[in-house]
Amino acid sequence: MNEELEIGHWGEEWQRFMRENYPTETEELANTTRFDELALEVDNEAWELRQLLRSQYAKGNPRPTSFEQIAEWENTLGFIVDREILEHVVQHYRE
């Protein structure tokens, strides 16, 4: 990870996805700063989508008030948002 770019969780997930699925292309990209730049772009896109999805979910599913219901609501929200981010932002080839 490039410390100067401060690549976050989703950028690191994208780099892992690329290494596992496109090893040859990743090796070439990793020799340049572009690999880290793309990871930073992925991370930024993922966080923007996260905010949008959380807002949409909250509109359609008001946050409950009891602790147990809040925990269930947060877990469901997390699963939905994470899956969408992985499918629509992270798990895609970029160069």
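Modeller: Before we start, a nonpolar core here is a set of buried Ala, Val, Leu, Ile, Met, Phe, Trp, Tyr and Cys residues joined through side-chain atoms within 4.5 Å. Buried means under 20% relative accessible area, exposed over 50% and partly exposed in between, with a 1.4 Å probe and protein chains only. This is a predicted model, where local features need pLDDT of at least 70, side-chain atom pairs count only at pLDDT 80 or more, and totals for chains, interfaces and linings use all residues. Residues are numbered from 1 along each chain as its sequence is written, and side-chain values use heavy atoms, leaving out hydrogens and water.

Colleague: What makes up the largest nonpolar core?

Modeller: It has 20 residues, and W14, M18, I85, V89 and V90 have the most contacts inside it. Helices α1 (9-21), α3 (34-60) and α4 (67-90) each supply at least two of its residues; the largest share, 8 residues, comes from α3. Helices are DSSP runs of H or I, at least four residues, numbered from the N terminus.

Colleague: Why is R94 called buried?

Modeller: Its relative accessibility is 16%, and the cut-off is under 20%, so R94 counts as buried. R94 sits in the segment after α4.

Colleague: What is R94 in contact with, leaving aside its neighbours within four places in sequence?

Modeller: W14, M18, L29, L38, V42, E45 and V89. Contact means heavy atoms within 4.5 Å.

Colleague: How do you know that R94 and V89 make a polar contact?

Modeller: The backbone oxygen of V89 lies 3.4 Å from a polar atom of the R94 side chain. A polar contact is a pair of N or O atoms within 3.5 Å, where within protein one must be able to donate a hydrogen and the other to accept it, and residues adjacent in sequence count only if both atoms are side-chain atoms. So the 3.4 Å pair falls within the limit.

Colleague: What covers the buried residues of α3?

Modeller: The cover includes α1, α2 and α4. Among those buried residues are F35, L38, V42, L49 and Y57.
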